[in-house]
Every structure is written in C-alpha cells, then in structure tokens.
Amino acid sequence: MPLWVATLLAAAAGTVMLVAFPPYGWWWAAPVAVALAAAAVHGRRLRAGFGLGTLTGALFFTPLLSWTNLHTGMVPWLLLSTLQALFIGLLGAATAWISGLRARAWVWAPAVAALWTAQEALRDRAPFGGFPWGRLAFSQDTSPLLRLASLGGAPLVTFVVALTGALLAVPFIRDASTSRGAADTTVTPGWFRRVKPFTGPFTGPVAAAVIVVAALLVPVHRAAGPGVYVAVVQGNVPRLGLDFNEQRRAVLDNHVRATVELGRKVTEGGARRPDLIVWPENSSDIDPLRNADAAAAIATAARAVGVPILVGAVLSDPAVGVENAGLVWEPDVDAAGNPRQGGVSARYTKRHPVPFAETMPLRDIARIVSKEVDRVSDMTPGHTPGVLRVGPAVVGDVICFEVAYDGLVRDTVTGGAQLLAVQTNNATFDEAEARQQLAMVRLRAVEHGRDALMASTVGISAFADPSGGTSDETRFNAGAVIMRELHLGSGRTVATTVGAGPEYVIVMLGIGALVAAAAVRRRIRQHPASPTEEDA
C-alpha cells in the first residue's frame with residue numbers, strides 16, 4: 001500500500017489501542033489495533049517498519065501515560081512515553097521482517113502474536129527492571145479472553161489477543177513475497193510449502209471470532225476455602241499531588257479515624273466485625289517503628305476493632321535505608337477485649353522500587369530533566385515474597401506497581417498466599433491510572449485463582465474474584481470503608497504451576513519466526529524478481 005496509507009493505519013492503531021484500556025475499556029479494540037499495526041508495516045523495509053511502529057507506540061503510550069505528567073512536568077512523561085514507543089518500533093521492524101511468511105497465514109499470524117509477546121517480555125524487564133504498563137493482557141479485564149490467564153498468565157492473554165488481531169488482518173494484506181516468486185516451489189523452502197494456506201478470505205476473521213468464543217469455555221478456578229471477612233480502609237488525603245508526603249500525619253489520622261469509626265459501629269452492633277483490615281500503601285509515611293506517636297495511633301485503630309491491620313508504611317532506618325513496607329499490626333486486645341501481645345508480627349518490604357519514582361538511576365542526569373528529582377529517595381528493596389499471616393488468612397502482599405510484574409505476584413501464591421492484597425497509593429496520579437491498575441488486579445485474581453483486593457489511599461479500592469469480576473469499587477478522591485467476605489484459596493491454577501514457561505515458549509516461537517523469515521528472504525535473493533517489481 002502507499003506509504004501515506006500505511007502511516008494513517010499506524011496512527012489509527014495507536015489511537016484504537018488506547019481505547020482498549022481503562023478508563024475506556026473497549027477490550028475488542030486491542031485486536032483491531034494489532035490488525036491495523038500489522039497491516040501498516042507489512043511488506044515494508046525494516047527502517048520503515050521501525051518508524052511506523054514507533055508512531056503507533058507514541059500515539060498509544062503518550063496519552064495512556066498522561067497521568068505521569070500531572071505533577072512532574074512534561075519532560076519525564078514524554079521521555080517515558082518515547083522509550084516505550086521505541087519498543088513498539090522494534091516490534092514494527094520485526095513484523096515487517098516476517099512479511100514473507102504471509103504466504104502461509106497459519107504461520108504468519110502466530111508469528112505476529114509471538115513477536116508482540118516477545119516485545120512485552122523485553123519491555124517488562126529493561127531498562128532498569130522494565131515497565132510493564134500497557135501490556136495487551138491488561139486491556140482484557142472485561143473480555144472473554146481474560147479467562148486464559150488461568151492457563152498461561154498475562155503472556156498467554158497477550159499472545160491470543162495479538163493472534164486474533166493478526167487473523168483479522170489476513171484478508172486485507174497480500175502475500176508480500178508473491179510478486180518476487182517466493183510462492184513458487186523453486187523458491188519457497190520445503191517445510192514452508194507443507195503448511196496449508198488459508199482456504200478463503202473470511203477464514204481469518206472467523207477463526208478470530210471462534211477463539212474469543214472458545215475462551216468462554218475455559219473454567220475459572222474459584223477459591224473454595226473458608227470465608228474471611230475483610231475490610232479495606234481508604235482514608236483519602238487532604239490534597240492530591242506530590243506533596244502528599246508533607247501531609248503524612250493527616251493521611252495517617254484519616255486512616256486511624258476511619259478505622260476507629262468502624263470499631264464503634266462494630267461495638268454498637270451496626271457493622272460486622274472483620275477478620276482483618278487492609279490499609280493502603282503510604283497510609284503511614286511516618287515510620288511507626290521509630291516514631292512513638294505514629295505507633296500509638298495505629299495501635300489505637302487496631303484496638304478499636306480488635307483485629308490485625310495490614311499497614312502500608314515508609315520505614316527509615318539509618319542502617320538499612322528507606323523502605324516501602326507492609327506491616328502486620330496486631331491489636332493489644334482481642335475481639336473480646338482481653339489483653340494480648342500487640343505490635344508488628346510480620347512485614348514485607350517492596351522488592352521492586354519503581355525507577356525514577358522510588359529510586360533514581362542516573363540521578364545527576366535526571367536532575368537536568370526535572371527539578372523534582374531530589375524528592376525521590378533511593379528506597380532499599382526487599383528480597384523475600386510478601387507472604388504474611390494476617391489474622392486467619394495468609395495474604396500475598398504486593399505493593400503498587402508490583403502487581404504489573406508476573407513473577408512478583410506469582411511467588412506470593414507459590415509461597416502459600418490464600419488471597420491477594422495490592423496496597424497502592426494513587427494520590428500522585430488520577431482515576432485513569434487507578435483503573436488501569438485495577439485491571440491488573442482482576443487479571444491476577446483469574447491467573448492464580450485467588451480472591452483479591454486493591455487498597456488505595458484515594459481510590460480506586462475494590463475486591464476482585466477469580467472470575468475477573470469486581471465489587472464495592474470506591475469513588476476516586478474520597479474516603480471510604482468497604483467490607484466483603486472473601487474465600488481463601490489453596491489450589492494452583494495451570495498458570496501458577498507452569499510459571500513463566502508459556503512466555504518462554506512464545507518468545508522462542510517469535511525467534512523461530514524471525515529465523516524462518518530469514519530463510520524465505522534468502523531464497524528470494526537466490527531467485528531475484530524482475531527489475532520492475534517492487535522490493536519489499
């Protein structure tokens with residue numbers, strides 16, 4: 001197709017992909033975006049594929065990550081968006097490279113899907129530990145394809161979303177190698193000729209529809225253990241923004257006040273007593289292990305209800321450094337008012353501090369980019385999974401952006417977690433970011449067959465179940481207390497059992513596709529087309 005048409009398709013792909021994600025949530029737009037992007041780069045040189053892919057990525061990531069611009073300025077936002085767009089550029093080049101495989105679409109479509117998954121695998125890990133935001137899987141929180149997470153986690157969901165998109169594209173793109181004779185038996189490798197082509201123009205879209213419908217047949221792994229009654233306290237902050245740290249006593253008091261009020265309602269018979277309470281990340285940015293006033297305030301809250309609280313706290317130990325932690329705070333009286341040993345019984349330290357937010361790589365260079373750099377302390381990472389005994393439940397604790405990383409969630413479940421708790425602070429972002437994060441929580445609940453919750457300082461807090469549904473979603477930038485009976489899980493889904501295996505297999509498939517495309521291209525060079533034919 002003419003380059004100007006390809007450019008329009010690439011631009012449309014980025015915009016269409018954006019609306020697949022919360023707050024829009026049109027999950028079906030993700031396969032359509034993949035189809036548009038694949039069509040745009042098909043038959044192009046690597047350089048053009050990279051440029052078109054980068055255009056798609058820029059028009060996707062720049063608005064998707066606009067919440068990073070709210071309080072830090074435009075430059076960090078644009079740098080992050082550009083970096084992420086370059087990964088889509090690499091994907092565009094790789095997809096252009098395999099254009100010769102279109103002669104057998106049953107090979108080409110899975111190859112496109114494998115390259116999408118491989119791009120995400122790379123982006124999830126590099127640089128500085130990766131940034132997994134915007135994975136195709138995270139757009140599918142209301143899609144039938146979400147059920148596939150129980151079989152192969154987020155990588156499998158991404159693969160199938162991209163596969164359906166590639167199948168949608170098949171009728172609209174030609175075999176890029178036909179004009180140069182690659183479909184001829186003297187040119188096409190023998191293994192490639194043995195793969196049967198599509199039998200009709202609508203086979204691809206029909207196959208895509210069948211895949212989506214078939215996903216509804218995948219069973220969900222429901223948590224079937226004993227019920228526990230869980231309360232989530234969303235205390236809210238006086239003001240949104242980076243200066244929430246300067247309001248830390250007010251934020252702590254908000255959570256204490258809401259918990260004490262819950263205790264009053266329990267005592268008066270107006271509310272059922274929970275078995276445990278979860279506060280969000282940063283609910284106590286005053287270190288309660290070193291500040292007696294903060295410790296006394298949390299103890300008051302725990303005593304008011306008589307059950308343990310999972311507290312999100314920032315710890316500052318000169319010997320260790322600054323840590324982002326979840327503390328299990330036991331009450332000093334039980335539910336019957338009898339004295340007991342109170343205080344911290346277990347703790348989890350966040351293992352993946354967010355680069356440029358909780359740790360600052362290349363600080364001197366970053367200071368040139370943004371004057372806000374020195375607000376960021378280099379937090380000390382933890383080294384053990386967040387598997388915590390909180391009252392009658394073993395909770396898998398992950399903090400904020402950790403929910404986006406497959407392994408950090410998985411090893412809490414393999415470590416014995418019976419339900420998942422995501423402690424987060426969205427006070428420096430907006431509702432769109434919070435909803436994008438909640439979509440990840442929904443996927444993790446399905447992936448591991450565990451009831452889950454998200455506890456946020458300002459919203460959105462909610463409960464999620466292994467079918468992907470949510471309940472009791474709170475409003476953004478408001479105080480709230482939500483309560484629900486969750487069930488403890490003990491079994492393992494296929495995804496939990498196989499771990500990163502499906503991702504490795506899919507990535508190897510993508511690498512194999514690149515090698516196969518090289519073989520086709522080598523045959524084409526050995527049998528060159530006439531000088532009047534276009535060079536793909």
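Mentor: In soluble globular proteins, nonpolar side chains tend to be buried together. Here the largest nonpolar core has 117 residues, of which Ile 98, Leu 101, Trp 108, Trp 116 and Leu 453 touch the most other members; a nonpolar core is a set of buried Ala, Val, Leu, Ile, Met, Phe, Trp, Tyr and Cys residues joined through side-chain atoms within 4.5 Å, and buried means under 20% relative accessible area with a 1.4 Å probe, counting protein chains only. Helix H6 (residues 149–169) gives the most to this core, with 12 residues, where helices (H or I, at least four residues) and strands (E, at least two) are DSSP runs numbered from the N terminus. This is a predicted model, in which local features need pLDDT of at least 70 and side-chain atom pairs count only at pLDDT 80 or more, while totals for chains, interfaces and linings use all residues. Residues are numbered from 1 along each chain as its sequence is written, and side-chain values use heavy atoms, with hydrogens and water left out.

Trainee: Which residues is Leu 453 in contact with, leaving aside its neighbours within four places in sequence?

Mentor: With contact meaning heavy atoms within 4.5 Å, the list for Leu 453 includes Val 230, Val 278, Leu 420, Val 441, Phe 463 and Leu 486.

Trainee: What is the order of the strands in the open sheet?

Mentor: Strands of a sheet pair through backbone hydrogen bonds, either parallel or antiparallel. In this model the open sheet of 6 strands has the order E6-E7-E8-E9-E10-E11, with mixed pairing, two strands being paired if DSSP finds at least two bridges between them. Strands E6 (387–390) and E11 (470–471) stand at the edges with a single partner strand each, so one side of each is left without a neighbour in the sheet. Strand E8 (residues 419–424) pairs with strand E9 (residues 452–456) in the parallel sense over 5 bridges, and Leu 453 in E9 is the bridge partner of Ala 421.

Trainee: Why does the span of helix H15 agree with its number of residues?

Mentor: The expected span is 1.5 Å times one less than the number of residues. Helix H15 (residues 501–526) has 26 residues and should therefore span 38 Å, which agrees with its end C-alpha atoms being 38 Å apart. Among the buried residues of H15 are Ile 506, Gly 510, Ala 513 and Ala 517.

Trainee: How many helices and strands does the chain have?

Mentor: The chain comes to 15 helices and 12 strands, and buried residues make up 57% of its 536 residues.

Technical notes
Buried < 20%, exposed > 50% of the residue type's maximum accessible area, 1.4 Å probe, protein only.
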